[in-house]
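Please look over the sequence and the model first.

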Amino acid sequence: MLDRLQALSPRSYRSDVRVLGASETRRRILEAARTLLSTDGPVSFTIDAVAEQAGVARMTVYNRFGSKVGLVDAMSDDLALRGGIQRLPEAFRTPDALAGLEILVSVFVGLWESERLLIRRLRALTTLDPELAREDRNQRRRQALMVLLQRLAQQRGDALPEDLDDLADLLLVLTSFDAYESLSTRGRSAAAVAALLTEMINEILAGRWSTEPSSPAGAGPAKAT
């Protein structure tokens, strides 16, 4: 009973309101940043301009995000969530590594497709201001690819190929926004691009692994029954 009364106390209520207000302010700033970057482009993208668009003080933006880098990072995270990046764990839950790679391709193609204009503008923004560039996002995608490639080798019963790093780098390029942009021409849908990329990846991997797991050492070919 005491816990319930404390939960309803004026102090608790005021605290909840402050948290909710801070969350709404953060959301309003992010929406303003998206709108500004989409409509006016990277040249006009400043903290002052974002604050004016959001109807808040300049210091409010800094208080919520720390810096322009923090704001751009938050925009990138928000963009990824809107684009369905939360589906990525499915690639690691599926038992088959090749199926996992197909899911990974689908997730990133869906992301690139869903926020195409804003991604272009964010990339232009980081070109204009190199301090905003973050390679760790690409590195996280590369790590995900490496995990799936290692799992594939394990499933095939093969040793890891000596060029595993090169292979991961190649797949990193194929799952990039640039690859998606290059292939989403001549009326190709996102699904068609994903299918084409998956086919290319499977052909590359076929040179390293057979389509079936290797037989145990010393085992001969299966006899016909």
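Predicted model: local features only at pLDDT ≥ 70, side-chain atom pairs only at ≥ 80, totals over all residues.

Residues are numbered from 1 along each chain as its sequence is written, and side-chain values use heavy atoms, with hydrogens and water left out.

**The chain.** The protein chain has 12 helices and zero strands. Helices (H or I, at least four residues) and strands (E, at least two) are DSSP runs, numbered from the N terminus. Of its 225 residues, 36% count as buried. Buried means under 20% relative accessible area, exposed over 50%, and partly exposed in between (1.4 Å probe, protein chains only). Take the contacts between residues at least 6 apart in sequence: 72% join residues at least 24 apart. Contact here means heavy atoms within 4.5 Å.

**The largest pocket.** About 900 Å³ of space lies in this pocket. Of its 30 lining residues, the closest to the centre are Trp-112, Arg-134, Arg-137, Asn-138 and Arg-141. A pocket is an open set of points on a 1 Å grid over the protein atoms alone, where a 1.4 Å probe fits, with protein on both sides within 12 Å along at least five of seven lines; lining residues have an atom within 4 Å of a point. Grid points are joined across faces, edges and corners, and the volume is the space filled by probe spheres set on the points. Helix 5 gives the largest share of the lining, seven residues.

**Thr-175.** This residue lies in the loop between helix 10 (164-174) and helix 11 (177-183). Thr-175 counts as buried because its relative accessibility is 4%.

| Partner of the Thr-175 side chain | Distance |
|---|---|
| Arg-141, side chain (polar contact) | 2.8 Å |

Leaving aside neighbours within four places in sequence, Thr-175 touches residues including Trp-112, Arg-141 and Ile-201.

**Val-69.** Val-69 lies in helix 5. Its relative accessible area is 25%, so Val-69 is partly exposed. Beyond four places in sequence, Val-69 is in contact with Glu-131, Leu-132 and Arg-134. The C-alpha atoms of Val-69 and Leu-132 are separated by 5.4 Å, though the two are 63 residues apart along the chain.

Note on methods
Polar contact = N/O pair within 3.5 Å; in protein donor to acceptor, adjacent residues only side chain to side chain.
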